[in-house]
Amino acid sequence: MAHGASAVANTVHLEFPSLPENVGFARAAVALFASRLDFTLDELEEIKVAVSEAVSNVVVHAYPEGPGPVRVEATVTPQGELVVRVADQGRGIEDVARACEASFTTRPGEHLGLGLTFINEYADRLEVNSAPGQGTVVTFTKRPQMAAVHRE
Amino acid sequence: MAGIPTETTGLEVLRYGRGACTVLRLAGELDLSTAHQVRNAFPAELAGRRGRRHLVLDLRRLRFVDSSGLGVLFELYRWVTAQGGRVAVVRPTPPVARALRLAGYGKLTTAAESVDEAVRSLEGDG
Ligand SMILES: Nc1ncnc2c1ncn2[C@@H]1O[C@H](COP(=O)(O)OP(=O)(O)OP(=O)(O)O)[C@@H](O)[C@H]1O
Ligand SMILES: [Mg+2]
């Protein structure tokens with residue numbers, strides 16, 4: 001069996017309240033899970049940033065009334081790619097396309113509006129599903145580039 | 001295991017003065033949970049005080065930064081430049097350098113190989 005790939009998808013998940021001190025734990029946990037694939041150290045750093053951005057957004061934006069639940073799910077697909085899904089049940093996003101634009105933020109002055117831009121830059125694919133009052137699900141996918149080259 | 005730091009997450013901030021510069025040395029991880037430590041170590045009122053117009057960010061041991069961390073670095077930049085000072089960045093690690101580049105921080109600041117070089121260059125043409 002090829003290293004890091006198997007016939008079934010392997011999934012782990014974490015659930016925690018949207019507190020700032022959980023951001024570092026979430027990115028370290030996902031990076032540890034991802035390290036079974038052939039990611040380079042640079043790619044693991046990129047994964048950490050992407051997780052950090054998605055979880056920080058829940059902490060900062062999703063629950064204006066105080067901490068609410070965050071669910072982080074990491075999957076290694078049979079194709080050997082990493083899929084990370086960060087879900088909340090918070091206020092949701094009014095205009096998803098706009099939210100994904102670089103430098104767009106609903107908290108100007110305090111925030112740069114770069115989080116989703118970083119995920120877009122560091123992951124191979126980014127999907128944001130959200131509607132006002134319906135919560136938000138951010139899903140990103142990443143393939144180890146080295147493994148892709150070796151397979152060819 | 002490769003790539004997984006065994007150190008606990010967290011940030012260490014050290015501040016000291018060097019001539020016309022305040023030096024902030026950051027070690028560890030700068031994110032939403034640690035950004036306030038930087039703000040506390042360098043509050044807005046400190047910019048330009050006691051003849052220390054400039055700011056040197058020693059990032060040699062900063063392992064991680066994300067957009068929340070960059071947010072506080074931009075804040076420092078605004079405070080320092082509002083008082084007529086400038087900001088230099090000393091040898092960020094590769095992942096941090098990349099984030100700074102993407103955010104446009106590199107274009108606003110002076111890059112230096114050491115704290116000495118940063119201080120010389122800020123004092124030299126300032
Ligand atoms: N989970 C979420 N729930 C509600 N709104 C969100 C969520 N994630 C993102 N948003 C919205 O999308 C906008 C853009 O997010 P992005 O992460 O790109 O920037 P930011 O968080 O505002 O700033 P930065 O990430 O640079 O600190 C946010 O300002 C917010 O309005
Ligand atoms: Mg954000």
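Student: How much accessible surface does chain A have, and what share of that belongs to carbon and sulfur atoms?

Tutor: Keep in mind that this is a predicted model. The accessible surface of chain A is about 7500 Å², with 51% belonging to carbon and sulfur atoms.

Student: And what fraction of the residues is buried?

Tutor: Of the 152 residues in chain A, 49% are buried.

Student: Where does A:A50 sit, and which residues does A:A50 contact beyond its neighbours within four places in sequence?

Tutor: A:A50 belongs to helix α2, which covers residues 41-62 of chain A. Setting aside those sequence neighbours, A:A50 is in contact with A:I119 and A:F140. As for A:P78, 28 residues away along the chain, its C-alpha atom is 22 Å from that of A:A50.

Student: What about contacts across chain A as a whole?

Tutor: Take the contacts between residues at least 6 apart in sequence: 66% of them join residues at least 24 apart.

Student: How many helices and strands are there, and in what pattern?

Tutor: Chain A has five helices and five strands. Going along the sequence, the pattern reads β-α-α-β-β-α-α-β-β-α.

Student: How do I read the radius of gyration?

Tutor: Set the value against the one for a compact globule. For 152 residues that would be near 15 Å, and chain A has 15 Å, so the two agree. The C-alpha atoms fill a box of roughly 50 × 30 × 25 Å along the principal axes.

Student: How many charged side chains are there?

Tutor: Chain A carries 12 positive and 20 negative side chains, and the centres of those two sets are 3 Å apart.

Technical notes
Residues numbered from 1 in each chain as written. Chains lettered and ligands numbered in written order. Predicted model: local features only at pLDDT ≥ 70, side-chain atom pairs only at ≥ 80, totals over all residues. Heavy atoms only, no water. Helix = DSSP H or I, 4+ residues; strand = E, 2+ residues; numbered from the N terminus. Contact = heavy atoms within 4.5 Å. Rg over C-alpha atoms; globule rule 2.2 N^0.38 Å. Buried < 20%, exposed > 50% of the residue type's maximum accessible area, 1.4 Å probe, protein only. Areas by Shrake-Rupley, 256 points an atom, 1.4 Å probe, with all protein chains shown as cover. Lys, Arg positive; Asp, Glu negative; His and termini not counted. Charge placed at Lys NZ, Arg CZ, Asp CG, Glu CD.
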